[in-house]
Each structure stands twice: as structure tokens, then as C-alpha cells.
Amino acid sequence: MVGVSLLGLPGCDDREEEAQEAGRRKRGGTLIVGASGGSASDSVDPHLPLSTIDQFRQAQLYEGLARFDADFNFKLVLAEEITLEQPDRMLVRLRPGVEFHNGKPLTADDVLFSYRRIVTEPKGLGRAGLSILDLDSSKKLDERTVRFFLKSPNVAILDEVAQVFNGIAPVDFDPREPNGTGPFMFESFEPGRQSVFARNPQYWQADVPYVDSVVINDLTDDTARVNALLGGEVHVIDGLLATQLPVVEGQDDLRVVRSPSGQSSTFYMRVDQAPFNDVRVRQAMRLIVDRPQMIQQALGGVGQVGNDVFSIQDPLYNHDLPQRGQDIGEARSLLKQAGQEGLEVELLTGPVTPGLLAASQVLAEQAKAADVRINLRQVDVGTLFGDKFLTWLFAVDFWSTRNYLSTVALALLPTSPFNETHWPDDESRTAYLRLYNEAIQTVDSEKRGELIHEMQRIDWERGGYIIWAFDTFLDAHSTKISGLQPNEYKPFNGYDLSRLFFV
Amino acid sequence: MARKALRSNVAETPRGRSFSGVARFFLRRIALGVLTLFLVSVIIFAATQVLPGDTARAILGRNATPETLAELRHRLHLDQPVVHQYTDWLTGILRLDLGQSLVQERPVTEVIGSRIGNSAILFLLATLVSVPLSVLLGSIAALRRDRIFDHVTSITTLVFASLPEFVIGIALVLVFGTGVFQLLPSVSIIDPGRSVWLQLDKVILPAATLVLAVIPHITRIMRASMIEVLESDYVEMARLKGLSERLIIRRHALPNAIAPAIQITALSLAWIAGGVVLVEFVFGYAGIGAGLVDAVALRDIPVVQALALLIAAIYIVLNLAGDALTVFVSPRLRTSLQ
């Protein structure tokens with residue numbers, strides 16, 4: 001068996017220590033959360049969580065076969081073993097003794113049902129990623145075991161399995177009666193307003209959750225959200241703005257948690273259209289950006305500098321690439337060579353994230369030094385991602401935290417559903433696609449890492465993205481609660497509220 | 001004498017005929033109201049069609065692919081011809097079926113039910129406070145005309161009449177919520193699990209905003225109307241007869257001064273029904289205003305229609321009630337309808 005096998009056996013020492021810690025913790029209480037990003041389209045369905053608050057909400061009720069931990073490492077959850085027998089064959093064995101909230105035991109049928117549902121539901125966020133599974137030939141081997149076949153070899157299937165929106169629901173699932181395996185059970189839900197969940201006393205992990213119940217309030221307005229925390233109406237919030245940091249940090253009874261994530265803020269250029277179809281122009285644009293300054297001005301100084309390559313949190317990210325900085329001289333020289341001195345171009349921007357709009361203005365300002373004139377055209381988010389999305393020449397976007405190969409599948413292949421830069425360019429196509437096809441079939445992580453490094457070098461040298469920063473999530477909480485850790489994947493302790501407790 | 005004669009005139013007219021005159025008037029108004037609602041529904045529907053994007057795009061957002069868009073549109077019947085979509089909705093309305101929310105895929109009545117209740121409470125509180133208060137303020141200002149109370153009231157009402165209601169709302173939050181006196185919640189997040197009546201502290205500031213936005217208009221009209229009445233012949237006659245000021249105001253001045261005030265009150269209350277949109281947004285209050293904003297953003301047409309028609313209906317009913325009350329209070333108008 002060629003595969004890579006992942007077994008979930010925590011060390012004995014860790015278990016004991018944890019148990020002791022857990023024993024000391026106070027139990028009980030109602031945790032009140034103020035979360036950003038809600039709207040009337042909220043849902044508590046595990047497979048349709050389109051907005052971040054939906055993903056967060058359903059993560060309390062449902063779990064997947066695996067997840068990403070605080071350092072973005074793959075960690076088993078409902079599966080006790082996941083083995084890639086071949087790059088196109090995955091064996092999953094479920095943990096024994098896990099029950100859904102209504103007492104029904106977790107079985108292989110539930111897993112197959114859930115994945116089928118995800119790939120056939122138009123609103124399913126995991127649909128693109130799980131489509132590489134050939135669910136028709138995939139088979140249940142016994143009550144706890146499934147052998148998945150993939151339509152074509154792709155080791156990145158593991159990343160999809162760990163995504164928070166690919167949770168497991170039971171075969172007889174009724175969306176109006178939420179029923180998962182997670183640490184909390186459904187009590188009530190009012191879309192756009194509030195959800196209430198109670199502790200799952202039969203949860204398969206011992207000792208957690210600590211609190212009796214969780215109330216998640218939709219607080220979309222940034223000011224309202226921080227006001228609610230300051231006023232003591234909620235215990236914890238996400239989406240704190242950098243401008244609000246001084247207010248929160250100045251309070252003795254509040255703490256801020258900073259989570260450097262792999263979520264990227266980008267400008268992107270189409271590599272197949274003038275003026276950006278000339279690689280020198282693209283390189284020049286990337287050299288115009290003073291990244292630390294942009295982070296300071298657009299993100300309030302909160303964020304990691306980006307190097308025009310995705311997935312900084314990926315264990316296989318190429319940290320050997322020289323960090324690009326501002327070099328106006330070189331930028332001008334490249335533009336001159338390309339015959340694009342005094343270049344004038346329109347940047348389509350909008351409030352996709354708070355920082356992107358401000359960053360666009362900073363970019364326009366910084367471009368002047370290189371004699372480049374960037375005209376900003378601001379539109380609303382609906383237009384940016386509307387019918388003309390994927391036709392824009394020069395625009396803004398952000399990408400959630402994903403490992404590199406998953407992001408490539410979504411953005412950087414001719415077959416990608418969201419290939420905004422229309423990558424690869426003619427010169428890179430052959431090499432890039434060859435590297436990708438090899439990488440997704442390479443089970444050995446070291447060898448795969450080398451291939452990924454080469455792909456990223458091509459991105460770095462020739463790509464259409466200006467990835468100037470990776471966002472740092474800012475959560476804030478009252479000192480009445482503890483257990484909130486920095487997390488590279490998601491805010492709110494990686495969406496894991498089961499480990500929060502009152503002091 | 002003169003009064004007695006008037007009464008006997010009225011008594012002579014056969015009751016049946018006067019009643020049917022009034023009834024005809026109002027039936028005609030109701031019929032016009034229904035026609036208005038129908039026209040409103042057509043216009044709103046057309047407006048939502050003109051907006052860029054549709055529900056499927058709004059829901060799927062950045063993650064839309066041509067495939068998922070097509071599937072979702074089919075499921076929500078958005079791939080049917082536009083006129084067809086409208087007539088489907090219309091036939092539903094005629095059966096008193098408001099349809100399904102496109103976004104939440106459950107009945108519209110479920111989606112807007114609690115919101116209507118919340119807005120109703122806000123509306124009720126605002127009305128119960130603003131109407132008596134403005135009548136009082138306007139009357140006193142008229143009685144103490146050109147004295148200090150009148151000047152102060154005049155300036156204050158002018159200031160509040162010119163301020164947009166969201167400015168008033170934010171100012172109230174600053175003073176009573178987060179800033180000077182931290183007495184009241186700065187956001188009005190109603191816990192849907194408990195009754196709103198138990199959380200009235202959250203309703204105070206949004207209601208106060210509406211009250212402050214509406215009082216100026218009613219007060220000023222009340223004052224003007226009262227002044228005119230106090231200068232009229234019959235009041236002067238009553239004074240000459242030696243009747244007490246209090247009796248004059250209660251029996252003669254107030255009932256006649258109120259008639260014009262009724263019209264403006266009806267308009268103001270109708271305005272409140274629409275004004276909740278802005279105020280609810282400022283306070284995060286879960287009412288029909290916020291519901292409408294959300295529904296438009298997501299192109300949830302059945303919900304938009306239901307809420308728009310609700311607000312239009314409130315407008316029409318309030319206007320009708322205003323007219324009815326005015327007729328009831330003015331003998332002249334009553335007899336002219338016969």
C-alpha cells in the first residue's frame with residue numbers, strides 16, 4: 001500500500017495532562033457571542049454555509065471527518081484513520097461510538113449521504129472541492145469504513161475533507177431539524193438575528209464543552225459589535241477593526257486575540273489582456289507596492305506581508321522565495337522596456353473586505369512614484385462578483401485560508417471555476433500544468449513540496465496576482481472567559497467554542 | 001337659537017340617506033386603495049427586476065458558477081418568464097398566500113411575522129407618545145403665543161424638523177448609550193426568545209428617535225391651527241359671553257383646531273411606518289424596515305413585495321382613517337357628503 005496513513009492516537013501524557021486541566025476548569029454558563037457577516041440569508045445547514053457566520057454557526061453542531069488545527073495541520077475528527085491507498089483511492093475508517101444528537105450512531109452511510117448532498121446542492125460551498133470524488137463508485141465496506149474513489153488522482157482531497165463546510169449529517173437528515181455530532185445541540189435559530197445551542201452531554205470527546213449553552217448574535221455593523229462587547233452584552237466578538245484596537249486594548253477586562261491566517265488580500269491582473277499580458281508590466285506593478293506601508297495604512301498595521309504567492313500557512317509554502325519589496329527604479333525600467341511608460345489603467349475596487357478599498361487608494365498613491373496612473377472605479381460587491389466577474393482586467397479580491405494545491409485548483413488552472421487572472425500565460429502553461437499534475441499525484445510530502453516550490457516560483461516570477469498581505473484575524477473577549485487561542489484557519493478559536501470556559 | 005336650529009336641520013334629514021352618502025365615499029376610497037396597492041405591487045416588482053443581479057447571484061455571491069446559478073435559478077423558478085413570475089405571485093396573493101421567501105425557502109409569513117410584531121410595538125410607542133405630546137405642546141404654544149414657551153418650542157421644533165432622523169438616532173445613542181449617560185443599550189438587539197415587552201429598554205431609543213422626528217411637524221400645525229381658532233369669531237363670541245377660558249378651549253377651540261392636525265398626524269404616522277427603515281437600521285432593531293433592506297439586498301422578491309405592500313397599506317389606511325376622523329369631527333364635511 002503506497003498510501004499515507006493518518007491515525008488519530010494522541011500521546012498518553014498529553015491526555016492525562018489535559019484531563020487534569022479540564023478537571024480544574026469551571027463548568028457551566030451561557031456564552032454569548034457577537035459575530036460578523038450575518039444576513040437574512042443565514043442558514044444553519046451544515047452543507048450550505050455561504051457566509052462566514054454560517055460556517056461558524058454550523059461548526060458548533062456538525063463535524064467533518066477531519067479539520068485543520070490552530071497551526072493549520074491536518075487533524076482527524078470523526079475519522080480515526082484516513083489512508084490514501086493510491087493518489088486516487090482514499091480509505092476512511094470512522095471513530096467508533098459516535099452518535100448524532102438524536103442518538104443515532106454515526107455510520108459510513110451518513111458519510112456517503114453527506115458528500116452526495118454537498119456535490120448536488122447548488123448552494124453547497126464544498127461542491128467544487130468534493131467534485132473530484134467519484135461518489136458513484138465509492139463504496140461502503142462496513143458500518144464504519146468507506147473506500148472513496150477519485151475521478152482522477154488528487155492528494156488535495158485531504159484538504160477538502162478537512163474543510164469546515166464538509167461536515168457529516170445523518171442519512172435521514174431534515175434541514176429543519178438540525179442533527180449533528182458536534183459539541184452543541186440545536187435549540188433555536190432566527191436567521192439574521194440569533195441562534196441558541198445547548199451543550200451536548202453525549203459528545204464523544206470527554207469533558208468538553210465546558211459551557212452549558214451558546215448564544216450567537218448576528219452583529220453585522222462593526223461599531224455595534226464592538227459596542228456590544230464594551231457594554232458587556234456579549235462575551236466575545238470577531239472582526240475587530242484595527243482602528244478599534246486602542247479602545248479595546250485600553251480596557252482592563254478585555255483581551256484581543258490575534259490570529260495570523262492564510263487569508264490573502266489581493267489585487268489581480270489578467271495575464272491575457274493588454275497591458276498586463278506583458279510579464280514585465282506585471283512585474284513592474286508588483287514592484288510598485290510598498291507592502292509594509294500598505295498594511296500600515298489600509299489594515300492599521302495588522303497583517304503579514306505577502307509575497308505574491310498563495311497559502312503562507314501551508315507547511316509546503318516556499319519560504320525561500322526572496323521577499324519582494326518596493327523598487328520604483330526597477331519598476332520604471334521594466335515599464336520602459338515594455339513600452340508602457342506613463343501607464344494609465346483602471347482598478348475596479350469595492351468593500352470586499354474593509355482593507356481592500358483603503359489599499360486601492362494606497363496603491364494609486366504609491367503608483368504615482370513610478371509614473372503610473374491608477375484610476376479607481378468603486379462598485380458594490382454584488383457587481384464585482386456579478387455577471388462580469390472573471391472578465392475584469394484589474395480588480396481586487398481576497399482568498400480564504402486554503403493550502404496551495406486547493407487554491408490552485410480554484411484559481412490558477414484553465415479549468416478553475418474562479419480563474420480571475422486567466423492564468424497560466426503562454427510561456428508558463430506547459431511547465432505549470434505538468435508540475436501541478438505531478439504534484440497532485442505525489443503522496444510523499446517532501447517530493448510534493450519540491451514540486452509546489454517550483455510552481456510557486458513561477459507564480460512569483462510571472463503571475464498575475466499582487467498578494468500584498470495575509471490578514472490577521474482580530475477577536476476580542478471579556479476576561480470572564482478563557483480558552484481562546486490564536487488560530488491560523490478561522491477566528492473564534494478556529495470556530496471551536498467547545499474549549500472556552502468561564503473563569 | 002342658532003345652535004338649536006342647526007340641530008333640527010340635521011335631524012330632519014333621513015338617516016338612511018346620510019349614512020349611504022358617507023358609506024359611498026368610503027367604499028370608493030377603499031376601492032381606490034386596493035387599486036393603489038395593485039399598482040404598487042407592479043411597480044415594486046418592476047423595480048426589483050431592474051436591479052442588477054438576481055436572488056441566485058445574491059445568495060451564491062462570489063462562489064457562483066454558471067452551473068450552480070442555473071440549478072438554483074431553476075429551483076427558485078427564476079428561469080421562468082418575468083410576467084409569469086409576477087402572475088404566479090399575484091394569484092398567490094389573491095388566495096392570501098404570500099409565497100415562499102426565495103432566500104430562506106420557507107413561507108414569507110414565517111420570515112416577517114415576528115418582525116411585524118416588533119415594528120408594531122415601535123410604531124405604537126412612537127404614536128402614543130408623539131400625538132398627545134404634540135397636541136399638548138402645540139396648544140400651549142398657541143395659548144402662550146409669542147412668550148418664552150412659544151419661542152423655545154418654535155426653535156426646538158424647527159431644529160428637529162430639519163435634522164435627518166438617523167442623525168437624531170445617532171445623537172441619542174451617543175448621549176444615552178455609549179457616551180454621556182450609559183443608561184440605555186446602544187444597539188437594539190431584541191432577543192427573539194423572549195417577549196419584546198420584557199425588553200422595552202431596547203425599544204426606547206428607536207422610539208424616541210421617531211418621536212423626535214415627528215413631533216415638530218404635528219406641533220407646528222397644531223399651534224397654527226389653534227391660533228387661528230382662538231382668533232375666530234365664535235371663540236371671541238364665547239369669550240364675550242363670559243365663558244371660562246378652560247371651557248372655551250375644551251368645547252370650542254380644541255375640537256375645531258384638531259381637524260387640520262388630524263390630517264398632518266395621519267401623514268406623520270404613515271411616515272413613521274416608512275421611516276422605521278432608517279431608524280431600525282441605525283439601531284439594529286429587528287423590524288420590517290431592517291427586513292426590507294435585507295430583502296432588497298438579497299433580491300428576495302416575495303418578501304420585498306409583502307413588506308412594501310404592508311407599508312403602502314398602512315399609508316392608505318392611515319390616510320383613510322385621517323379623512324374619516326376629520327369628517328367625523330367636522331359637521332360641515334359630514335353634511336356635505338349627504
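Tutor: Happy to! Let's start with the lining of the second largest cavity, whose residues divide into six nonpolar, three polar and three charged. In this count Ala, Val, Leu, Ile, Met, Phe, Trp, Tyr, Cys and Pro are nonpolar, Asp, Glu, Lys and Arg are charged, and the others, Gly among them, are polar. The lining includes A:Arg286, A:Asp308 and A:Asp459, along with A:Phe310, A:Trp423 and A:Tyr465. A:Gly463 and A:Gly464 also line this cavity, which holds about 60 Å³ of space.

What is a cavity here? On a 1 Å grid over the protein atoms alone, it is a set of points where a 1.4 Å probe fits but cannot get out, and lining residues have an atom within 4 Å of a point. Grid points are joined across faces, edges and corners, and the volume is the space filled by probe spheres set on the points.

Please keep in mind that this is a predicted model, in which local features need pLDDT of at least 70 and side-chain atom pairs count only at pLDDT 80 or more, while totals for chains, interfaces and linings use all residues. Residues are numbered from 1 along each chain as its sequence is written, chains are lettered from A and ligands numbered from 1 in the order in which they are written, and side-chain values use heavy atoms, leaving out hydrogens and water.

Across the whole structure, the search finds three cavities of 30 Å³ or more. Of its 17 lining residues, the closest to the centre are A:Ala40, B:Gln104, B:Val111, B:Arg115 and B:Val303. In chain B, α6 (108–143), α12 (288–297) and α13 (301–329) each supply at least two residues of this lining; such helices are DSSP runs (H or I, at least four residues), numbered from the N terminus. By type, the lining of the largest cavity has nine nonpolar, three polar and five charged residues.

pLDDT is the predictor's confidence in each residue, from 0 to 100. Chain A has a mean pLDDT of 92, with 95% of its residues at 70 or more. For chain B the mean is 83, and 88% of the residues reach 70 or more. Residues 1–17 of chain B stay under 50, and the model has one contact for them beyond four places in sequence, where contact means heavy atoms within 4.5 Å. The model as a whole scores ipTM 0.81 and pTM 0.81.

Technical notes. On a 1 Å grid over the protein atoms alone, a cavity is a set of points where a 1.4 Å probe fits but cannot get out, and a pocket is an open set with protein on both sides within 12 Å along at least five of seven lines; lining residues have an atom within 4 Å of a point.
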